[in-house]
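Subject: Structure handover and notes

Dear colleague,

Please find below the structure that I am passing on to you, followed by notes on what was found in it. I would be grateful if you read the notes with the model open beside them.

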Amino acid sequence: MDITIRIPEKVDRVAVFGSAERNLKMIRESFGVNVGARDGTLSLRGEPGGVAAAQRVVEGLIESARRGRTPSQQQVRDAIAESGWKAQRGGGGGGGAPAQETGDTAWGDRLEVYSGGRAVAPKTENQRAYLDAIRDHDLVFGIGPAGTGKTYLAVAAAIHLLKVGRVRRAILARPAVEAGEKLGFLPGDQYAKVNPYLRPLLDSLHDMMDYPTLSRFMSTDVLEVVPLAYMRGRTLNDAVIILDEAQNTTRTQMQMFLTRMGQRSKMIVTGDTTQIDLDDPRDSGLVDAARRLKRVAGVALRTLDKSDVVRHELVQRIIEAYEPGPSMETGERGAEGGGGSGEGSGGGGDA
């Protein structure tokens, strides 16, 4: 679909386009349309739904400029979120029920992210069921071992929902819990201190978005990567909120996080119950929440296993080797009773 919008001569084009055409960039990235400005006209080209939503936003900006107003960045983001919501959901509101998005209003077989038109697709049936749950429910728990894609797919879903205008913000949170070793004092400012804990989430974002887009989104709070402690007191509307490494939250922290959900928002909670780093694993907020909420309407719980591992093929074998069972007990007895033979054997502990 291709349409042309003429900007009236007496209308301030900067008020419509934004400084350095910032408004046009936000429209292009939110609705996935091509936007061109030339000789007092604005051209929009792309999928009909995205073009129609973008047209409504542009016409609203023109009307504001006609009245002598210059919309703030937040007002433009609000207009984009509202227009995108109406285009995809028929103007309906949120609530606690499943979103029931279908077809191209959410995603089909793949998720569109920002890096050069690259798409992310599930590789196993469990991963597909996990993404379907994210699409159809407002609160999803993804539980599974390392390498199953639970965090990566959650981030991809968040970026996709942001790109198509289903949400206007994406917030990624993680508890700052050390994995079995004490790091002690960390130098630097507040961001430098928490950055090591948030690095896995940032790695996923860098894999899906080019650096200029990622920097722009983070500088304007369209994207946030924050420690879990910084979530207290917030209410997040029109957002997708991810909690990673949730097995290392306490019950109180998990309750605090889950109650941050605002109108028209989605939450995705991911974790691995075999890697709890709390002093008392029985206090894990993920285990407790999965038990309490598994039968609550609007909540989906999806489990991934070693068959869903999509990292190096050795990761799946490592997970199997660390599973409790007779083989582990036998190995321990052999190590204890074999004197120095453990160091000289071919299957040493560091293999």
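Of the 36 residues in the largest nonpolar core, the ones that touch the most other members are Y130, V155, I159, L172, L205, M209 and L223. A nonpolar core is here a set of buried Ala, Val, Leu, Ile, Met, Phe, Trp, Tyr and Cys residues joined through side-chain atoms within 4.5 Å, and buried means under 20% relative accessible area, exposed over 50% and partly exposed in between, with a 1.4 Å probe and protein chains only. At least two residues of this core come from each of α5 (125–136), α6 (150–163), β7 (169–174), α7 (190–208), α8 (211–219), β8 and β9, and the largest share, nine residues, is that of α6. Helices (H or I, at least four residues) and strands (E, at least two) are DSSP runs, numbered from the N terminus. L223 is in contact with I159, L162, A170, L172, L205, M209, L214, F217 and M218, leaving aside its neighbours within four places in sequence; contact means heavy atoms within 4.5 Å.

Before going further, please note that this is a predicted model, in which local features need pLDDT of at least 70 and side-chain atom pairs count only at pLDDT 80 or more, whereas totals for chains, interfaces and linings use all residues. Residues are numbered from 1 along each chain as its sequence is written, and side-chain values use heavy atoms, with hydrogens and water left out.

Turning to the sheets, six strands form an open, parallel sheet in the order β8-β7-β9-β10-β6-β11, where two strands are said to pair if DSSP finds at least two bridges between them. Its edge strands, each pairing on one side only, are β8 (223–227) and β11 (299–303). Neighbouring strands of this sheet are turned by 15° against each other on average, direction ignored; axes are lines fitted to C-alpha atoms, for helices over the stretch in contact, and angles run from 0 to 180 degrees between N-to-C directions. Helix α9 (residues 251–258) packs on the sheet, where it touches β6, β9 (239–243) and β10, and its direction makes about 155° with that of β10.

Within this sheet, β9 deserves a look of its own: five of its five residues are buried, so the strand is largely enclosed by the rest of the structure. A239, I241 and L243 point one way from β9, while V240 and I242 point the other way. Strand β9 is joined to β7 by five bridges in a parallel run, with I171 standing opposite I241, and β9 pairs with β10 in the parallel sense over four bridges, with I241 opposite M267. Strand β6 (residues 139–143) is joined to β10 (residues 266–271) by five bridges, again in parallel, and the bridge partner of L139 in β10 is M267.

There is also an open sheet of three strands, antiparallel and in the order β1-β3-β2. Because β1 (2–6) and β2 (34–38) stand at the edges with a single partner strand each, one side of each is left without a neighbour in the sheet. Five bridges join β2 to β3 (residues 41–45), and V35 stands opposite L44 in β3. Helix α3 (residues 48–66) lies across β1 and β3 and runs at about 0° to β1.

As for charged side chains, the structure holds 14 salt bridges, a salt bridge being a side-chain nitrogen of Lys or Arg within 4 Å of a carboxyl oxygen of Asp or Glu. R234 and E224 meet in one of them (2.8 Å, N to O); R234 lies in the loop between β8 and β9 and E224 in strand β8, so the pair ties together parts that are ten residues apart in sequence. D288 forms a salt bridge with R291, the closest N and O atoms being 2.8 Å apart; D288 is buried at 8% relative accessibility, whereas R291 is exposed at 52%.

D308, in the loop between β11 and α11 (313–321), is buried yet has no salt bridge, and the nearest side chain of opposite charge, K150, is 10 Å away. For charge, Lys and Arg count as positive and Asp and Glu as negative, while His and the chain ends are not counted.

With best wishes
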